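Try each task before you read its solution.

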Amino acid sequence: MQDTSHLVCTQTGCPLSSTGECLEGFDDPHRCPHAKPRIGAPNVSTDEAPGDDDEAVAEAMADWLPLPGGYELTISEAGEITARSEAQVVMFAGEPDAGKTTLIATIYELLSSDLIGGFRFAGSETILAFERACFPSRIASGNVKPDTFRTRHPRPRFYHLCLRPESPAGPQKHLLLGDVSGETFRRASDDLAEAKKLHILRRVDAFILILDGDKLRNRKERQDALERATLILRSLVDAEVLLRHTLIQIVISKFDCFDPGDKNMTAFLTHLRSEFETKFATLFDRLVIYEIAARPGAEGFDFGHGVREVMGPWLQESDFQTQANYPAAAPLGQIRESDAFLWRRLQHANHA
Ligand SMILES: Nc1nc2c(ncn2[C@@H]2O[C@H](COP(=O)(O)OP(=O)(O)OP(=O)(O)O)[C@@H](O)[C@H]2O)c(=O)[nH]1
Ligand SMILES: [Mg+2]
């Protein structure tokens, strides 16, 4: 996503200056007719109509080359990476609050300080986005209880990681971690047309479906949480956006919230495993279930408990060799220009 700190929006209620999101839904807010260059002090009122000076600066900036600003990448920006280098694309899905963004932030924190699966952190084009996602859990934020900002964008945005192998001879590896608001998946599970809009999923190497552990431990909420998760998967299969060769990783989050002595809970987890295995094992080549505590609040759990295991398959070359058969044709139906662009670049990359 572009750096938008030099832009202000003339529309009341637009979150551009707080989150970088465009009220009109433009992936690149520079293209929105309501976005104007920020003049003078950074806290200039967004309600003021743009003056002549603003118009003149906007005109002068019209053909400036936009540069990546270190925040999340749009689909087409992510496509630039997949086109030029070997990259694994991983999409994180789940209901609101399931723990998607926290898991992405934890992956970054673990890789920043540790060797995982023989790989080390070597860089990122979305370093500011990672830092923003990690900030709430850092002591500096002053939060009593660590929290993560809610993801609001309805379209996938990607975090980027470049990794280098421990042995200096090996090639670098790129990971693109896709984050979408939980609301988008909720809509997809209710409406097939909404699920079809997520055709970018046809390209992902791994699809992570996160179930909120905090809901699973609650007897009144757990059955509903399980049903909603299976509905998301079912709806994406019916919409033909999730393909057989995609690695499906079912992740039970917030494992630190469980009472280890609760036998009823243990029985429910066994039931959950058999539900996924009986309903989906024949639809996918590989479906694996994990238990994690990405950012545990309780003692007895290490930071990022179980997260390395989830990452394992993305880092092992052989695990993705079976997925070379991307669909030969572009997705049918309505397709946005940026998706079409990504499709062309991916085809090019796969045949290069
Ligand atoms: N106890 C505990 N809380 C966690 C853990 N992981 C995430 N949380 C908390 O769960 C809440 C929701 O996490 P998010 O990562 O924002 O969830 P999300 O799925 O990205 O939510 P949306 O962006 O709304 O779709 C936050 O308050 C997190 O601090 C964990 O391992 N243990
Ligand atoms: Mg989120």
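**Exercise 1. Helix pairs**

Task: In this predicted model, find the angle at which helix H6 (residues 182–190) and H9 pack, and describe how the two helices lie to each other.

Solution. 
- Step 1. Two packed helices are described by the angle between their axes and the distance between the axes.
- Step 2. H6 and H9 pack at an angle of about 70°. Their axes are 8 Å apart.
- Step 3. Angles of 65 to 115 degrees count as roughly perpendicular. H6 and H9 are therefore roughly perpendicular to each other.
- Step 4. Now the hand: H6 passes H9 in a left-handed crossing.

Task: At what angle do their axes cross?

Solution. 
- Step 1. The axes of H9 and H10 come within 12 Å. They cross at roughly 15°.
- Step 2. Angles under 35 degrees count as roughly parallel. H9 and H10 are therefore roughly parallel to each other.
- Step 3. H9 passes H10 in a right-handed crossing.

**Exercise 2. Strand E8 and its partners**

Task: Which strands do bridges join to E8, and how does the chain get from E8 to E9?

Solution. 
- Step 1. Take strand E7 (residues 206–211). Six bridges join E7 to E8, and the two run parallel. Ala 206 stands opposite Leu 247 in E8.
- Step 2. Take strand E9 (residues 286–291). Six bridges join E8 to E9, and this pair also runs parallel. Here Gln 249 stands opposite Val 288 in E9.
- Step 3. Follow the chain from E8 to E9. The path goes through helix H10 (residues 263–280). This β-α-β crossover is right-handed.

Task: Are the faces of E8 covered or open?

Solution. 
- Step 1. Count first: six of the six residues of E8 are buried.
- Step 2. In a regular strand the side chains alternate between the two faces of the sheet.
- Step 3. Sort the residues by side. Leu 247, Gln 249 and Val 251 lie on one side. Ile 248, Ile 250 and Ile 252 lie on the other.
- Step 4. Every one of these residues is buried, and both faces of E8 are covered.

**Exercise 3. A covered helix**

Task: How many of the 10 residues of helix H3 (residues 75–84) are buried?

Solution. 
- Step 1. Seven of the 10 are buried, and H3 is mostly covered.
- Step 2. Name them: Ile 75, Glu 77, Ala 78, Gly 79, Ile 81, Thr 82 and Ala 83.

**Exercise 4. Positive phi**

Task: Where do Asp 97 and Glu 240 lie, and what is the phi of each?

Solution. 
- Step 1. Most residues other than glycine have a negative phi.
- Step 2. Phi of Asp 97 is positive, near 75°. Asp 97 sits in the loop between strand E3 (87–94) and helix H4 (100–113).
- Step 3. Glu 240 has a positive phi of about 60°. Its loop runs between helix H9 (219–238) and strand E8 (247–252).
- Step 4. Check the surface at Glu 240. Its relative accessible area is 51%, and the cut-off for exposed is over 50%. Glu 240 is exposed.

**Exercise 5. Cysteines**

Task: How many disulfides does a search of the whole structure find?

Solution. 
- Step 1. A disulfide is a covalent bond between the sulfur atoms of two cysteines.
- Step 2. The search finds zero disulfides.
- Step 3. The closest cysteine sulfur to that of Cys 9 is in Cys 14, 3.7 Å away. The cut-off is 2.5 Å, so this is too far for a bond.
- Step 4. Cys 9 is buried, at 6% relative accessibility. Cys 32 is buried too, at 4%.

Conventions
Residues are numbered from 1 along each chain as its sequence is written. Chains are lettered from A and ligands numbered from 1 in the order in which they are written. This is a predicted model: local features need pLDDT of at least 70, side-chain atom pairs count only at pLDDT 80 or more; totals for chains, interfaces and linings use all residues. Side-chain values use heavy atoms; hydrogens and water are left out. Helices (H or I, at least four residues) and strands (E, at least two) are DSSP runs, numbered from the N terminus. Buried means under 20% relative accessible area, exposed over 50%, partly exposed in between (1.4 Å probe, protein chains only). Two strands pair if DSSP finds at least two bridges between them. A crossover is right-handed if, with the strands pointing away from the viewer, the path from the first strand over the helix to the second runs clockwise. Axes are lines fitted to C-alpha atoms, for helices over the stretch in contact, and angles run from 0 to 180 degrees between N-to-C directions. Angles under 35 degrees count as roughly parallel, over 145 as roughly antiparallel, 65 to 115 as roughly perpendicular and the rest as oblique. A crossing is left-handed if the near helix is turned anticlockwise from the far one by less than a right angle, and right-handed if clockwise.
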